[in-house]
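Work through the exercises below with the sequence and the structure at hand. Each task is followed by its solution.

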Amino acid sequence: MREVEAVFREERGRLLAALVRRFGDLDLAEEVTSDAVEAALTHWPVEGVPPKPGAWLMTTARRKAVDRLRRDQAFAARLAILQVEAERAAHAPAGDADGELPDERLQLFFTCAHPALPAEDRGALTLRCLAGLTTPEVARAFLVPVQTMAKRIVRAKKKIREARIPFRVPGADELPERLPGVLQVIYSIFTEGYAASSGPDLQRLDLAEEAIRLARILRRLLPSEREVAGLLALMLLVHARRDARTGPGGEPVLLDEQDRARWDRELIEEGSALVVTALSGGPPGVYGVQAAVAALHDEAADLATTDWPQIVALYDVLLALDPSPVVALNRAVAVAMRDGPEAGLALLDELAGEPRLRDYRPYLVARADLLHRLGRLPEAAAAYRAALDAAGSEPERAHLRRRLAAAEES
C-alpha cells in the first residue's frame, strides 16, 4: 500500500496538469483524476502496480473524462475531437516517446499563482492542485473552516475560467515578472510550516516538507533559473535545523541554545551547493542572498564564531534588492550581534515608525531581547508584553511568558 501511495503522490500533480492541458477544465481534470486513482485502488492491489503507473492513470482518466463529456450536452461540440484523441491514445503507447507522462506541472504552477488571483487563493490552489491536499487538509493548513476554504477554492477556479487565465508557461519576456509570484507562494507555505501563525505546535513539518517538495519539482522544471535554486537552498538550510528548534515539550529553542549536532548535515550540504548555483552567473537574487545568510549560520560551530560581518554585508546587498522594513529588521539584529546590543537597538528604534512593524512579532521580540541584554528591564518587560499580544502559536506564547517573567523578576 505504501508503494501505491508513493506513486499517487508523485504522479497526481503531473496527471492533473496533463488533463487540464488536454481538456481545459480544472474541475473536470480533478474529478477524473480522482476517478482514476479510485480505479487504481481497486485494480492495483490485486493486479500489482503497472510498470508505467502514470501512463495507466492517464489512460484511465482520459477515458473517464470522455465518458463524462459524452453525458454533458454543453460539451457536445468538442466531444468529437476529444473522442478521436481518446481513441488514438487508447491504441497507442501512453505518454511520450519514453513511456512517461508529459510533465506539464510548470503550466499548473503559473496558473495557480496567477497575479489575477487574490494572494490568499494562490497558496490554497497550489496546495490543492500541485500538492494534492484535500480541501479539509488545505483548510487546516490555513487554519480556516473547511467551508471557507471550499468557497475560496471554488472562487479561484471560477476566476481562472471566467477570466480565461491561460494554462501556459509565460514567455521569456514575461517570466521575470511572473516567476517571483510562484516562488512567493511556495515560500509562504514553507514559512507557515517553519513558524506556525497559531495552534498548538511551533512547527508544522508537513507544510514545510510539502513546500520543499514543490520547490524540488520547480527546480527540475526550471533548472536554469537561479532564484529557484536560491529558494530551494534557503528552505533546505532552514529546515535542516528543524529537530533542534524545539525542546522535549515542544517549546522553542533559540539558535544560540540549539544542539547543532542534531542539524541535518545532508540538507546543509545540498543547500550550500545550491547557494553557489544561485549566486553564480549574474546579479544575485533575494532568495539566493537569504540562502547565503542561512548557509553562514549552518556552517558555524556556534553563535560566537558565526561570521556576523559577512552576514551584515549580505543584508546590505539584500536591502538594496528589497528595501523593506523586514529586511532592515533582520540587518539590525545582525548588527547587534556584530557591534553589540546598543548598536542594534538604535537601528530598531529608527524603524519604530514603520506601519508594517508596529504589530510585527519578530520586531517586538528583537527589541525586547536587546533591551533585556542592556539591562533596561522595565522597557524590556513592556516590549515582551507587546510581543505576547502579537504571538501566534501556543509554544511561542509560553516562551514569551517565560521571558517576560525573567525581565520582571530581575
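Contact means heavy atoms within 4.5 Å. The model is predicted, and local features need pLDDT of at least 70, side-chain atom pairs pLDDT 80 or more, while totals for chains, interfaces and linings use all residues. Residues are numbered from 1 along each chain as its sequence is written, and side-chain values use heavy atoms, with hydrogens and water left out.

**Exercise 1.** Find which residues Leu-218 touches, leaving out those up to four places away in sequence.

Solution. Leu-218 touches Leu-106, Phe-109, Val-182, Leu-183, Ile-186 and Val-228. The largest one has 96 residues, and Leu-125, Ile-186 and Leu-218 touch the most other members. Helix H11 (residues 226–239) supplies the largest share of this core, 10 residues; helices are DSSP runs (H or I) of at least four residues, numbered from the N terminus.

**Exercise 2.** Classify the packing of helix H5 (residues 105–112) against helix H10 (residues 205–221).

Solution. The angle is about 120 degrees and the axes are 10 Å apart; axes are lines fitted to C-alpha atoms over the stretch in contact, and angles run from 0 to 180 degrees between N-to-C directions. Angles under 35 degrees count as roughly parallel, over 145 as roughly antiparallel, 65 to 115 as roughly perpendicular and the rest as oblique, so H5 is oblique to H10. Lastly, list the residues: Arg-105, Leu-106 and Phe-109 in H5 meet Leu-214, Ile-217, Leu-218, Arg-220 and Leu-221 in H10.

Conventions:
A nonpolar core is a set of buried Ala, Val, Leu, Ile, Met, Phe, Trp, Tyr and Cys residues joined through side-chain atoms within 4.5 Å. Buried means under 20% relative accessible area, exposed over 50%, partly exposed in between (1.4 Å probe, protein chains only). Helices (H or I, at least four residues) and strands (E, at least two) are DSSP runs, numbered from the N terminus.
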